[in-house]
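I opened this entry to keep track of what I looked up, topic by topic, beginning with the aromatic rings. The structure comes first, and my notes follow.

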Amino acid sequence: MARPQKDNKDTFAEIAVGLPVRKPFHYSIPPALKDKVEIGKRAWVPFGPRRLVGYITGFVDRPEVEGIKDIISVIDDESPVIDAELLALTKWIADYYHASWGEAIDAALPGPLKKGKIKAKPRHPLAEEEYEPTGNFKPTHEQDSALKSIRESISKGRNDVYLLHGITGSGKTEVYLQSIETALKLGKTAIVLVPEISLTPQAIERFKSRFGSVVAVLHSRLLESERFLEWKKLKEGTAKIAVGARSAIFAPVKNLGLIVIDEEHETSYKQDDAPRYNARDVAIERSRITGAAVILGSATPSIESYQKAAAGEYRLLKIAERIEKRALPKVDIIDMRQERLDAKEPKIFSRALEHAISQVMNRRGQVMLFMNRRGFSTFINCRKCGYVVTCRYCNVSMTYHFDTRRLNCHYCNYQADPPEKCPKCKSGDIRYFGIGTQKIESEAARLFPAARIARMDTDATAKRGSHGRILSEFKKHKIDILIGTQMIAKGHDFPRVTLVGVVSADTALSLPDFRASERTFNLLTQVAGRAGRGSEPGRVIVQTFSPNHYAIEKSIEHDYVGFFAEEIKFRKELNYPPFTHIVEIKLRGRKEERVIKAAHDLAAILSEAKGKPVEMVGPAPEFISKIKGQFRWNLLLKGEDPKAICGFIDKALDNLRGKSGLIITVDVDPMGL
Ligand code: ADP
Ligand code: ZN
Ligand code: ZN
């Protein structure tokens, strides 16, 4: 429906749509809609043969292309759904993370709004739960001095960023709660981000029992319509505190006084799909726009944040003591190399761990065993020719699952029967190697036949609700030994757990990721925090083949600062973040030659460019070079300014985009490499 161009001002609307196209589109405004269009409102627009929800981001005198089409209708009658603050924030995300503005706005809005709806009524509205109101604790000396600084920033409307470094149980949450109280008293609002996995009913209850109905909760267990209602409460101002996972950073609150990011180091704050934003960094930008103060809390701060605190950009607040001065657990390292030399057969449990478990069982205590890998064995391997059973669609070994007696690919979920003979050399000498949670379970059952044992990993908790059920049974001591992946490491308080065993500390260390040490240190610290949360002191036993690695040594000593000192040297030497930014270009496709050629073409264009702001690494196949039938290559660009890097690669990418059978994505500040 092309219309003749008109040249009077404000005739054309600039509209962002949620597609990966980086420039905005222009539409003409029919006279009947003139009074309705407004920046931040949604509109239905024609897009090829389709009709899309678009976001009005501005007006232009003159459209960029011929054959401009009309806006079909304006969706929002009253006020715009996206205010100036969220427009600015999403624009920043689009620019920084190499996404389209429309994609960024999509990420900021609840589902029904993205689909062009105005209302969404949940069939069964959430009942308002009753909570026992709780008062503030009298702050400890350390909490008090942290609170003094934070309160001053909030009341002066300064966008100071605080890094609150304190171990689990040191009273960080109490600092958050009392800081939020200050913001509310000043008529301001607050946003609290918690990793999805830690957003348990107990965690939510702490906020609701303190602040009551002004708390709105946004998490993925809610139905879309329920989330939308919570969002509306915030937008209309009946709720003043948003508690939620990653996307709650877009909570539509006005007069923001404080943003809290609990467990700021968590990788789950980074979104996997476009826009690939990190909610922690978006929070810093939102505080810059609004003047809100920020608290980044962690027992194991990210190296990036701690470096900024060390450099004075953030303000470091430390809580060194646990509430009630509960002792930190004693951590023992078991050198599995020695263990292996002493025992004839490779063993899952070292003598020390086995002995410690039986002692706890005799005293009717509880044990948690931690393993970062699910399944029974890691891989199946032919003793004669070395053949390893790998997935047909992914370049990874298949994992044997004891319960189903089948092989399973953890990347694409392809399943197969284990071979009786080697598919390559027909030898019958096929062995199972490596250990997973299921194998630990069967070994524990063999060694401790009287113990009640349960396993918690994504296999065991695939059924909705079983996750919570296992935890509550463990809490009621209907289970003696709980075995699990990192799922069990977080956020739960089990006072009767006096022993935590880390069956292998090495799985995370061996990953080819520059954050491997950081991950390992975090994991071990977190796991150790599970022991001795009651009155009895806890004990932690860590089994490892690399007992002298600093990530393991420092975690035993509960020495974050010592770990940081080592890690930062390594980052500096190899020029990794925080000394540089990384932009990862990922190439995917079903035809291997095409992917390889495109990767090399791209590298050639980029390395020819003069005055480039970057250092290039690759192109290379990724660690797992094929998943679900798609070949995976990447190219890393390092440089100080991600925006400059993105500007630099844009032209080169334009040449490759649209080539058939090739998917190219850009990830700024990627989390897992
Ligand atoms: P963190 O968030 O660092 O894990 P929490 O804030 O959850 O720590 O505090 C740990 C426990 O100590 C909680 O049960 C909390 O209610 C309690 N607590 C926190 N601050 C105080 C205080 N000042 N006095 C007494 N108990 C406190
Ligand atoms: Zn073989
Ligand atoms: Zn697979």
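I began with the aromatic pairs, taking rings of Phe, Tyr and Trp (its six-membered ring) as paired if their centres lie within 6.5 Å, with planes under 30 degrees apart called stacked, over 60 edge-to-face and the rest tilted; by this rule I have 16 aromatic pairs. Helices (H or I, at least four residues) and strands (E, at least two) are DSSP runs, numbered from the N terminus.

I work here from a predicted model, in which local features need pLDDT of at least 70 and side-chain atom pairs count only at pLDDT 80 or more, while totals for chains, interfaces and linings use all residues. Residues are numbered from 1 along each chain as its sequence is written, chains are lettered from A and ligands numbered from 1 in the order in which they are written, and side-chain values use heavy atoms, with hydrogens and water left out.

Are Phe-25 and Phe-47 buried or exposed? Both are buried, which I take as under 20% relative accessible area, with exposed over 50% and partly exposed in between (1.4 Å probe, protein chains only). I also noted one aromatic cluster, formed by Tyr-306, Phe-521, Tyr-550, Tyr-560, Phe-563 and Phe-564.

Next I turned to helix α2 (residues 101-108), where 7 of the 8 residues are buried, so the helix is largely enclosed by the rest of the structure. Among its buried residues are Trp-101, Glu-103 and Ile-105. The cover over them includes β1 (12-17), β4 (50-60), α1 (84-96) and α7 (224-236), contact meaning heavy atoms within 4.5 Å.

Last I followed an open sheet of 4 strands, in the order β26-β27-β25-β28 with antiparallel pairing, where two strands pair if DSSP finds at least two bridges between them. At the edges stand β26 (615-627) and β28 (663-668), each with a single partner strand, so one side of each is left without a neighbour in the sheet. Strand β25 (residues 581-589) pairs with β28 in the antiparallel sense over 6 bridges, and I noted that Ile-585 has Val-666 in β28 as its bridge partner.
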